[in-house]
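Work through these exercises with the model open. Each task is followed by its solution.

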Amino acid sequence: MVNTRAKVQKIQNTMKLCFMEAAMADSTQLTTQSRALIGSNDELLIEILRRLPVTSVLRFKSVSKHWRSLLSHRRFTLLYKNASSSPGLFVRNLYIPFNNEDRSTPPFRKLDFYHDPSGIRIVQSCNGLLLCCSDRGHVRARKYYIFNPTTKQFALVPSVPGGMDVRKTIRFMGLAFHQTDCVHYKVVCFHRAKPDEYLFAKPDEDLFRIQIYSSETGKWKISDQSFSAPYYTSFSSGVYLNHALYWAPSCVSASYFKLDTEEIQSLPLPVAVASFGGYRDGAMPLYFGESQGHLHLGERVDRFESHLQLNVYEMLNDHSGLFLKYGVELDEVPIAYPEMIHSYLDPSSPYYYKFEFFDVVRGEEEEEMFIVIKIPGKIIRYNVVDKSFKQIFDLSHLHDISYGRIGHSEVHRYIETLASF
């Protein structure tokens, strides 16, 4: 009887084991079939991969030549919604995430993608691509580069035609790129005209010629257009938006360059800004930049020194001017960070606030909009809608940029993009 029960139990255990092995075999076969189905179906593969973070997509490019081709194709990069997000910014060459809890690897630790004996610095950020140039040396010997910090792809921009006589008079280099309206990036150069071309220029103005480089043709084109501007006009902080390159205004009559018609157009400044005399003598606004397809100008309201308010203006869709988008009250920030409060040498004078306006960042929702400012030793993120703020980076251990002035032209947005060129 005992032997019979033992035999029955042994048979049952054997049958269970067989069923388990059969089930595992079916599951393995099903998994193999599923993988084969996904791997051979590009449409299904795209639907899965376009929902992954950028780092994962870049990793999957190494799976096979087919996957690399598929994930590098413009069709995929346009569908990929996780790219074109902005997780942080570069202060000079230092990467600072907007979320101080973000522990992801910085896009790069130094700009060494190309061996330039003069070093490399960032000139402009444009929808994921960086326009970079030689950091030291004379302007006539300066090299220019296009760099994608997400994919690490780069290209050397050919020298502006015209030899040293042209290259030593360059006043502006700007990048135009967008995945939908400017797929092949363009570089726009303003340089002073030759002395014999100054016949119709005013005595206190410079005459400028325009040249445009296209990555599609790989060549520079000399534009038929030229323009004059006061000699002190600054063309720094180039901003691309909707087929046009803007530069931070340094005079009452701000301007922009339309790439499709190759024309210089005027951009009226807000009345409140113009009432202070605009930006005479080369002075610049606190902030000038683009976010989520909107052009913004940031200016301080100086009604009285003990009150800290920033005005954020936004450009109208028809380019007819800028309107006041937000009046940002920052009076609570100095309470939390008293190190930004400074006094004049005269004890009877009121105190003032020491800070720099770095960025305006819009989210998909209105309540996600925030600004980034630098105070001595710290970088602060301030939510425009709910008025909350927090420190996102401690600069105190970086003596070269902790307390000295950085300037908006040295701050550049990092935007993740898979676009290739």
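The structure holds 12 salt bridges, each a side-chain nitrogen of Lys or Arg within 4 Å of a carboxyl oxygen of Asp or Glu. This is a predicted model: local features need pLDDT of at least 70, side-chain atom pairs count only at pLDDT 80 or more, and totals for chains, interfaces and linings use all residues. Residues are numbered from 1 along each chain as its sequence is written, and side-chain values use heavy atoms, with hydrogens and water left out.

**Exercise 1.** Find what the salt bridge between Glu262 and Lys221 ties together.

Solution. 
- Step 1: the two side chains meet at 2.6 Å, N to O.
- Step 2: Glu262 lies in the loop between β13 (253-258) and β14 (263-268), Lys221 in strand β10 (residues 219-230), so the pair ties together parts 41 residues apart in sequence. Strands here are DSSP runs (E, at least two residues), numbered from the N terminus.
- Step 3: check accessibility. Glu262 is buried at 12%; Lys221 is partly exposed at 46%. Buried means under 20% relative accessible area, exposed over 50%, partly exposed in between (1.4 Å probe, protein chains only).

**Exercise 2.** Describe the salt bridge of Arg51 and Glu47.

Solution. 
- Step 1: the N to O distance is 3.1 Å.
- Step 2: Arg51 is exposed, at 55% relative accessibility. Glu47 is partly exposed, at 34%.
- Step 3: look for shared partners. Glu47, Arg50 and Arg51 form one network of salt bridges.

How values were computed:
Helix = DSSP H or I, 4+ residues; strand = E, 2+ residues; numbered from the N terminus.
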